Every structure is written in structure tokens, then in C-alpha cells.
Amino acid sequence: MEIDLNADVGEGCGSDAALLDLVSSANIACGWHAGGANAMRDCVRLAMAKGVAIGAHPSFHDPVNFGRKEMSLPADDIYAGVLYQLGALSAIAQAEGARVAHVKPHGALYNQAARDPQIAQAIVSAVHDFDPSMAVFGLAHSGLIDAAREAGLVAIEEGFADRGYRADGSLVPRSEPGALIEDEDAMLEHVLSMVRDKRVRAVDGRIVPLHIHTLCLHGDGAHALAFARRLRAELEVNGIDVRAASRLTG
């Protein structure tokens with residue numbers, strides 16, 4: 001059994017170098033919610049040195065709200081914005097002798113794409129027009145995954161180690177009770193259920209089928225690194241190998 005572990009990096013929070021020792025895919029902020037040219041270059045170099053797959057982490061142009069505020073924008077604006085951010089990171093990766101293997105939208109852009117077909121299509125079109133060999137990471141069973149597959153792109157279904165789920169498979173909004181799982185033992189049980197048993201227990205107690213290819217580890221919490229190390233060890237104990245999503249699907 002195999003799973004990809006991914007982490008958002010280049011955001012100016014957490015310890016990117018230490019986190020990249022534990023994951024197989026890195027989602028590098030492209031400057032619109034956090035990061036910038038130097039941070040992108042540093043993360044590309046770190047990922048290359050550690051054998052971690054490089055991905056773009058585009059967002060709405062909203063550094064004030066860390067890209068977590070929902071926006072209503074024309075599809076053409078979203079398309080152009082994603083294309084712009086892919087170009088920035090890809091130029092840096094190319095100069096370092098690397099390539100961008102996947103795209104994972106950030107924050108509000110990610111969540112809105114999961115349920116809004118126009119936003120999902122704008123993102124997918126930008127990826128397809130830029131480089132159709134890039135994979136798209138999206139919330140498992142969401143509209144972004146459907147749009148990517150319809151466009152002929154590789155779609156990587158994602159789960160979250162520290163987030164609560166609703167019975168429809170969507171994430172509990174951060175503003176609601178149950179959004180975050182903070183107990184390490186509960187998180188481990190949550191993760192193993194997703195990875196090994198292909199299901200998750202929703203906040204209302206119902207069991208929801210959930211097939212994921214990649215698992216997101218957030219690196220900005222107080223105990224994020226300690227949990228990441230414990231999770232990696234637990235996966236190994238359970239015979240679950242950690243490999244980049246591009247290798248799992250290829």
C-alpha cells in the first residue's frame with residue numbers, strides 16, 4: 001500500500017526544511033497569498049535536494065487574508081491568475097534544472113473550486129494550456145477532480161490529516177466546530193481510516209467512503225513537525241510506503 005504525503009511550503013510559517021524531510025510532494029506558494037521569488041527558489045532547491053516532487057500552490061491575490069477569503073471573480077481572471085503563478089514558479093524551477101509536476105490551489109481558491117464548476121474549469125484550463133503533463137491536486141470526490149479528469153489531466157484526490165469532514169465528503173469550514181482535529185491520537189486514527197480503510201468518519205458520526213492518493217500535512221501548527229514525524233513512522237509500521245503522487249499514478 002502507498003500514499004503521497006504533501007505539504008504547503010514557502011509561506012513563511014513553519015520549518016520548510018524539516019517538513020520536506022518527511023513528505024514526498026511540496027506545494028510551493030507562488031507569491032499571491034505568501035512567499036515570493038526568493039522563497040520559491042529556496043523551496044525548489046530544498047525539494048530537489050531531498051528528492052521531493054515540486055508543485056505549484058496558486059491562490060487568489062490576497063496576502064492580507066492569506067488567501068483564505070472567498071472571492072467572486074470572473075473565470076477569465078482566475079484563469080489568468082493561475083497561469084501567471086504557474087509561469088513564475090516554473091521559470092524558477094527550470095533555471096534550477098527542475099520541473100513543476102503538479103498544481104494544488106490554495107485556501108479559498110481550493111475550497112471554491114471543489115464546489116463551483118466555473119472556478120474548477122478556469123483552474124483546469126490554465127493548467128492544461130500551460131502544461132497538460134501536470135497533475136491537479138484537489139479535494140477527494142470534488143468538482144475540481146471531476147473537471148481535471150474531463151480535461152484529460154491526471155487528478156490526484158486529496159485528504160487532510162487535521163481536518164474534520166462533513167457527511168457529503170466536504171471539509172468542515174474553519175469557522176465551525178469540528179473543523180480542526182488537534183489530538184494526535186485522533187489524527188492518526190483519522191489518517192489510517194482514510195489511507196488503509198478508504199473511509200472517514202464525518203463530524204455527525206456517519207462513515208463516508210473516501211479514496212485518496214495524497215494526504216496533506218500542515219506545517220504551521222505548534223506541534224506540526226512532531227505530528228508529521230509520528231505519522232510518517234505510523235505509516236511505516238502499518239506497511240504503507242510514502243511515494244510522490246506522480247510515481248503512484250505513473
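**Labels and their cut-offs**

Modeller: Asp185 is partly exposed, its relative accessible area being 45%. Buried means under 20% relative accessible area, exposed over 50%, and partly exposed in between (1.4 Å probe, protein chains only). This is a predicted model: local features need pLDDT of at least 70, side-chain atom pairs count only at pLDDT 80 or more, and totals for chains, interfaces and linings use all residues. Residues are numbered from 1 along each chain as its sequence is written, and side-chain values use heavy atoms, with hydrogens and water left out.

Biologist: What makes Arg230 and Asp185 a salt bridge?

Modeller: The term needs a side-chain nitrogen of Lys or Arg within 4 Å of a carboxyl oxygen of Asp or Glu. In this pair the closest N and O atoms are 2.6 Å apart, so the pair qualifies.

Biologist: Why say that Arg230 and Asp185 tie parts together?

Modeller: Arg230 lies in helix α8 (residues 224-237) and Asp185 in helix α7 (residues 184-197), so the bridge links parts 45 residues apart in sequence. Helices here are DSSP runs of H or I, at least four residues; strands are runs of E, at least two; both are numbered from the N terminus.

Biologist: Is Arg230 buried, exposed or partly exposed, and what makes it so?

Modeller: Partly exposed, because its relative accessible area is 32%.

Biologist: What about Glu70 and Arg115?

Modeller: They form a salt bridge, with the closest N and O atoms 2.6 Å apart. Glu70 lies in the loop between β3 (53-57) and α3 (75-95), and Arg115 in helix α4 (residues 107-115), so this pair too ties parts 45 residues apart in sequence. Arg115 is exposed, at 53%. Glu70 is partly exposed, at 43%.

Biologist: How many salt bridges are found in the whole structure?

Modeller: The search finds 14.

Biologist: Why does the radius of gyration agree with a compact globule?

Modeller: The radius is taken over C-alpha atoms, and the globule rule is 2.2 Å times the number of residues to the power 0.38. For 250 residues a compact globule would come near 18 Å; the chain has 17 Å, so the two agree.
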